[in-house]
Amino acid sequence: MSGLVTGDAVVLGLQPARLPSRALAVLIDLVVVWAVYLLFSIGLAVATASLDEAAVMALSVASFLLVLVGAPIAVETLSHGRSLGKLACGLRVVRDDGGPIRFRHALVRGAMGVVEILMTFGVVALVASLVSERGRRLGDVFAGTLVVRERIPAARVLAVPPPPPWLVGRFAGLDLSAVPEALWLEVRQYLTRSRELDPVVGRRLAERLADELVARTGTPPPAGVPADAYLAGVVAERQARDARRAFAPSAGGVVPGAVPPPSVPAASVIDPPVPPAATSPVTSPAVTSPVAPPAVAPPVVPPVGGSSAGSGARATGFAPPA
C-alpha cells in the first residue's frame with residue numbers, strides 16, 4: 001500500500017500497480033493503437049494516391065501524431081486515467097494526491113511515452129519502473145501521476161470458531177456495553193487465526209485479551225475455563241445478542257419499549273356480532289329501508305243491466321253493450 005496525502009492532509013492507502021499488470025495493459029493499448037493506425041494508413045494511402053510525395057509525407061506524419069499520440073491522450077483525459085488496456089487489467093492513472101488526472105497530466109504522459117515506449121521499444125520505461133519505488137515510469141514522474149490497482153480482490157472472510165457446547169449460554173448475564181469495538185476486532189482476529197499461531201504465543205495472546213475483557217466487563221471467567229474458550233464464548237454471546245436485536249422486530253413485529261395494544265376478548269374476535277331481536281313491527285325512522293309502492297285496487301265492473309249504487313261500488317262510467 002502506498003500512502004498518498006491529499007490536499008486536505010488525508011492519507012490514502014492505494015496499492016500501486018505491479019510491473020506485469022502494467023506491461024500487459026501497455027501491450028493491449030499498443031495492439032489496439034497500431035491496428036487502428038494501420039487501417040488509417042491504408043485508407044489514407046488509397047485516398048492520397050493522386051497527391052505528390054511531400055503531401056503524402058505530411059499526411060503520414062500527421063496521422064502518426066494523431067493516432068499514436070493524440071488518441072491515447074484523448075482517451076486518458078476523457079476516461080480519467082483508464083485506457084482500454086488499463087480497464088481490462090483493473091488499473092487507473094491518478095495524481096500524486098489520489099485525484100483524477102486532467103489534460104495536462106495525460107499530455108505529459110503521452111509525450112514522454114513516445115520516447116520511452118515507442119522509440120525505445122519500452123526499454124526506458126521498463127528500467128524506470130524497476131528503479132522507482134512505486135513502479136513509475138518517466139512519464140509518471142514528470143506528470144506527477146501514479147498507476148494504481150482499481151480492482152483489488154476481496155479478502156477471504158474467516159468464520160469465528162464456535163465455543164465449546166458446555167459454555168453456550170453461560171455468559172447471558174454478562175455486561176458487554178463497555179467493551180470497545182477495537183477489542184472485539186482483536187478478539188475476532190485472534191479466534192480466526194489461532195490455529196496459525198505458535199501455541200505458546202497464542203496462549204499468551206489469549207490470556208492478555210481475556211484479561212482486557214474481564215477488566216471491561218467486571219466479571220471474571222468461570223473457574224477452569226481456558227482463555228481461548230472464554231473468548232469464544234463471549235464472542236458467541238455478543239453475536240447472539242446482535243442477532244436477536246436485528247431479527248426481533250421482523251420476526252415478532254414487537255419493537256422493544258413499545259406499548260402493547262389493549263387485549264381483546266377472544267369471544268368478540270371469534271364469534272360474529274348477533275343483531276338484537278325485533279321487538280316491534282314498527283320500523284324506526286332512523287333506519288332507511290326501501291318504501292313499497294301503494295297497492296292499486298283493480299276496477300270494479302258493475303253487473304250487466306244493474307246499478308252500482310246498491311252494491312256500494314264506485315261508478316266507473318262504463319256501460320257494457322247490450
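**Working through the model**

Modeller: Start with Glu-212. Its relative accessible area is 31%, so Glu-212 is partly exposed. Keep in mind that this is a predicted model.

Colleague: Where does Glu-212 sit?

Modeller: Glu-212 is in helix 8, residues 199-217.

Colleague: And what is Glu-212 in contact with, leaving aside its neighbours within four places in sequence?

Modeller: Leu-183 and Glu-186. Glu-212 and Leu-183 are 29 residues apart along the chain. Their C-alpha atoms are separated by 8.1 Å.

Colleague: Let's step back. How many helices and strands are in the chain?

Modeller: 10 helices and 4 strands. From the N terminus, the order is β-β-α-α-α-β-α-α-α-β-α-α-α-α.

Colleague: What share of the residues counts as buried?

Modeller: 26% of the 322 residues. As for contacts with a separation of 6 or more, 64% of them join residues 24 or more positions apart.

Colleague: Now helix 1. How do its span and its residue count fit together?

Modeller: They agree. Helix 1 has 29 residues, and at 1.5 Å a residue it should span 42 Å. The end C-alpha atoms are 41 Å apart.

Colleague: Which residues of helix 1 are buried?

Modeller: Ser-21, Arg-22, Ala-25, Asp-29, Val-33, Tyr-37 and Leu-44.

Colleague: What covers the buried residues of helix 1?

Modeller: The cover includes helix 2, helix 3 and helix 5. It also includes helix 6 (138-143), strand 3 (91-95) and strand 4 (145-149).

Colleague: Switching to aromatics. How many aromatic pairs are there in the whole structure?

Modeller: A search finds 3 aromatic pairs. One of them joins Trp-34 and Tyr-37, edge-to-face, at 5.6 Å centre to centre. The planes are 85 degrees apart.

Colleague: Where do Trp-34 and Tyr-37 lie?

Modeller: Both are in helix 1, residues 19-47. They are 3 residues apart, about one turn of the helix.

Colleague: Buried or exposed, for Tyr-37?

Modeller: Tyr-37 has a relative accessible area of 15%, so it is buried, the cut-off being under 20%. Trp-34 is at 37% and is partly exposed.

Colleague: What other ring does Tyr-37 pair with?

Modeller: Phe-64. That pair is edge-to-face as well, at 6.1 Å centre to centre and 85 degrees between the planes. Tyr-37 is in helix 1 and Phe-64 in helix 2 (residues 53-78), so the pair ties together parts 27 residues apart in sequence.

Colleague: How accessible is Phe-64?

Modeller: Phe-64 is at 28% relative accessibility, which counts as partly exposed. Through ring pairs, Trp-34, Tyr-37 and Phe-64 link into a cluster.

Colleague: On to pockets. What is the volume of the largest pocket?

Modeller: About 850 Å³. Its lining has 37 residues. Nearest the centre are Val-26, Asp-29, Leu-30, Lys-86 and Ile-117. Asp-29 has come up already, as one of the buried residues of helix 1.

Colleague: Which element gives the most to that lining?

Modeller: Helix 1, with 11 residues. Helix 2, helix 3 (84-89), helix 4 (103-119) and helix 5 (123-131) each supply at least two.

Colleague: How does the lining of the largest pocket divide by class?

Modeller: 26 residues are nonpolar, 5 polar and 6 charged.

Colleague: And the second largest pocket, what volume does it have?

Modeller: About 270 Å³. It is lined by 13 residues, and the closest to its centre are Pro-161, Leu-191, Thr-192, Ser-194 and Arg-195. Helix 7 (181-192) and helix 9 (227-252) are the elements that give two or more residues to this lining. By class, the lining has 8 nonpolar, 2 polar and 3 charged residues.

Colleague: Last topic, backbone angles. What is the phi of His-80?

Modeller: Positive, about 60 degrees, though His-80 is not a glycine. Most residues other than glycine have a negative phi. His-80 is in the loop between helix 2 and helix 3. At 38% relative accessibility, it counts as partly exposed.

Colleague: And Phe-121, what is its phi near?

Modeller: 55 degrees, again a positive value in a residue other than glycine. Phe-121 lies in the loop between helix 4 and helix 5.

Colleague: Buried or exposed, for Phe-121?

Modeller: Exposed, with a relative accessible area of 74%.

Terms used
Residues are numbered from 1 along each chain as its sequence is written. This is a predicted model: local features need pLDDT of at least 70, side-chain atom pairs count only at pLDDT 80 or more; totals for chains, interfaces and linings use all residues. Side-chain values use heavy atoms; hydrogens and water are left out. Rings of Phe, Tyr and Trp (its six-membered ring) pair if their centres lie within 6.5 Å; planes under 30 degrees apart count as stacked, over 60 as edge-to-face and the rest as tilted. Buried means under 20% relative accessible area, exposed over 50%, partly exposed in between (1.4 Å probe, protein chains only). On a 1 Å grid over the protein atoms alone, a cavity is a set of points where a 1.4 Å probe fits but cannot get out, and a pocket is an open set with protein on both sides within 12 Å along at least five of seven lines; lining residues have an atom within 4 Å of a point. Grid points are joined across faces, edges and corners, and a volume is the space filled by probe spheres set on the points. Ala, Val, Leu, Ile, Met, Phe, Trp, Tyr, Cys and Pro count as nonpolar, Asp, Glu, Lys and Arg as charged, and the others, Gly among them, as polar. The expected span of a helix is 1.5 Å times one less than its number of residues. Contact means heavy atoms within 4.5 Å.
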